[in-house]
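Have the sequence and the 3D view ready.

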Amino acid sequence: MILSPFIVRPLLELLDTPASIIDWCDSYLMILMIGIGGLAFYNILSGILRGMGDSVSALLYLLIATVMNIVLDIFFVKDLQMGVSGVALATVIAQTFSGILCLIRLMKMRDIFDLKLRYLRPKKKYCFSLIRLGIPSGLTQMILSMAMIVVQSLTNSFGEQFIAANVIVMRVDGFAMMPNFSFGTTMTTYAGQNVGARKYDRVYQGARQGTLIAMATSATITGLILIFGRQLMGIFTADAAVIALGAQVLRIEALAEPMFGASIVASGAMQGAGDSTGCFVLNLVSMWGIRLTLATLLAPHFGLVGVWIAMSFELTMRGVLFLVRLARGKWLDKGALA
């Protein structure tokens, strides 16, 4: 936290980010870094709630935090004139509040969950299990973030118009990917619960059914993006050039949505069964071996379109890799040994 002011600006400069955007991002990112504990607080406690079968409360608190975030955004930016710093502060407050709500909910579930300070003392057996499962998962997030930084540096080298189009595409893409992430989180909880109950047949069957549901949902979303891509871009900007470029990129990215949905659900099942190392290896191969290699080769010739062609191809191949591992079934052996 103390070093964040010395890290943010050099990192943005390393990505060839224009000076105007660096000034815009500087304070925003520093506030988010300071408040990242609130996000971690929510993620941990909501994960406990979902693991105990109460996914509704976790969703409800997230919705409350989202509404709070919007209201605080308007208040800080419009009324207090805080600019991007107000947006970041609103996000931090909303995330922390959602974590507090999860904590209150857990404290009320005394019939199945008794939260007391004396129970928080670390135990070697459980700590080692968490480290064994958590380190590959943490490394996976790290390599994904590092790969995205490299890809972002390629995008930033094309100028502000390309950056604007890329940011808007990522916003639209974020909404399209949201159901997939929800399916993945659900599958992690489902797999973990059934591995704990030693009902391994249900884990495998659930993973197959969840994958089919995610792919069908993603195919529907893909159709909507292909039809309304230009209109979706128009929500965020009136610049005709940015809209045209963004719509083209959206069409390229949309084709990878079904396979991306499959990879997220398969990954969720494997994580829930304890195969976090397998997920790490597959993500490392796809992100660094496929996406970055192709993006580096295509970007100089096709610009932002080349970057997204590489990303779309990588998402498709990632889905193939995860489906192959899912079909082979060895990932479930990890759960049996956990």
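Helices here are DSSP runs (H or I, at least four residues), and they are numbered from the N terminus. What you're looking at is a predicted model, where local features need pLDDT of at least 70, side-chain atom pairs count only at pLDDT 80 or more, and totals for chains, interfaces and linings use all residues. Residues are numbered from 1 along each chain as its sequence is written, and side-chain values use heavy atoms, with hydrogens and water left out.

**On the surface**

Start with Phe128, which is found in helix α6. Phe128 has 53% relative accessibility and counts as exposed (exposed is over 50% relative accessible area, buried is under 20%, and partly exposed is in between, using a 1.4 Å probe and protein chains only). Helix α6 gives the most to the patch, with 7 residues.

**On the inside**

A nonpolar core is a set of buried Ala, Val, Leu, Ile, Met, Phe, Trp, Tyr and Cys residues joined through side-chain atoms within 4.5 Å. In the largest one, with 26 residues, Met233 and Val249 touch the most other members. A second, separate core has 17 residues, including Val203 and Trp331.

**Ring pairs**

How many aromatic pairs does a search of the whole structure find? It finds 2. Rings of Phe, Tyr and Trp (its six-membered ring) pair if their centres lie within 6.5 Å; planes under 30 degrees apart are stacked, over 60 edge-to-face, and the rest tilted.

| Pair | Type | Centre to centre | Angle between planes |
|---|---|---|---|
| Phe75 and Phe76 | tilted | 5.5 Å | 50° |
| Phe181 and Phe260 | edge-to-face | 5.8 Å | 80° |

Phe181 lies in helix α7 and Phe260 in helix α10, so their pair ties together parts that are 79 residues apart in sequence. Phe181 is partly exposed at 43%, while Phe260 is buried at 5%.

Methods. Helix = DSSP H or I, 4+ residues; strand = E, 2+ residues; numbered from the N terminus.
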